[in-house]
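Welcome! Please take a look at the chain below, and then work through the exercises with us.

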Amino acid sequence: MADARTPIPVRPAMAGEWAGAGALTELAAIPDTIADGLRHTCPATLPWEVNRLMLDDVITVTVHQIIRAMAAAFQHLKVVAEPSGAVALAATEQLDLPPGPVGVVISGGSVGIGSFHRLMTKSPHRREAAHA
């Protein structure tokens, strides 16, 4: 079970390869992910050092989990979240969290209406929701 006081870093699955290495490494190519705000090949030195000292692990989420989180934020919170801004919310579906409130940072300033509409109407979450 996750400790309620411990921050949990989250990365898109295709962009998380450097995260669990234990040493600062750089990816050979820019990760291919819809979470374009997290498409860097390497974290900056200072954030890496802080995270290395304070965090134990990194959780990765799939594109489908990100899209489901975007849909949930819109449907339940009336928040339009960009893909990068929805990764933390996406991680909550795979964590064994204690009962009670959970703090999640969601952002949405960089998704256009066309992209948001396309992701919401042509994505697997719609088929899953119809069967739920």
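The exercises below come with worked solutions.

This is a predicted model, in which local features need pLDDT of at least 70 and side-chain atom pairs count only at pLDDT 80 or more, while totals for chains, interfaces and linings use all residues. Residues are numbered from 1 along each chain as its sequence is written, and side-chain values use heavy atoms, with hydrogens and water left out.

**Exercise 1. The whole chain**

Find the order of the elements from the N terminus on.

Solution. Start with the parts: the chain has five helices and two strands. Helices (H or I, at least four residues) and strands (E, at least two) are DSSP runs, numbered from the N terminus. Next, read them in order, which gives β-α-β-α-α-α-α. Then turn to burial: 31% of the 132 residues count as buried, where buried means under 20% relative accessible area, exposed over 50% and partly exposed in between (1.4 Å probe, protein chains only). Last, look at contacts, meaning heavy atoms within 4.5 Å. Of the contacts in the chain with a separation of 6 or more, 63% are between residues 24 or more positions apart.

**Exercise 2. Helix H2 and its partner**

Work out how H2 and H4 pack, and which residues meet.

Solution. First, locate the helices: H2 covers residues 63–77 and H4 covers residues 113–121. Their axes lie 10 Å apart, at an angle of about 105°. Axes here are lines fitted to C-alpha atoms, for helices over the stretch in contact, and angles run from 0 to 180 degrees between N-to-C directions. H2 is therefore roughly perpendicular to H4, a term for angles of 65 to 115 degrees.

Second, list the residues that meet. H2 brings Ile-67, Met-70, Ala-71 and Phe-74, and H4 brings Phe-116, Leu-119 and Met-120. These divide into seven nonpolar, no polar and no charged. Nonpolar covers Ala, Val, Leu, Ile, Met, Phe, Trp, Tyr, Cys and Pro; charged covers Asp, Glu, Lys and Arg; the others, Gly among them, are polar.

Third, check burial in H2: the buried residues there include Ile-67, Met-70 and Ala-71. An α-helix has 3.6 residues a turn, so residues three or four places apart point the same way.

**Exercise 3. A glycine in a loop**

Which residues does Gly-108 touch, not counting residues up to four places away in sequence?

Solution. Gly-108 is found in the loop between H3 and H4 and is partly exposed, with a relative accessible area of 24%. Gly-108 touches Val-80, Ala-81 and Glu-82.

Terms used. Angles under 35 degrees count as roughly parallel, over 145 as roughly antiparallel, 65 to 115 as roughly perpendicular and the rest as oblique.
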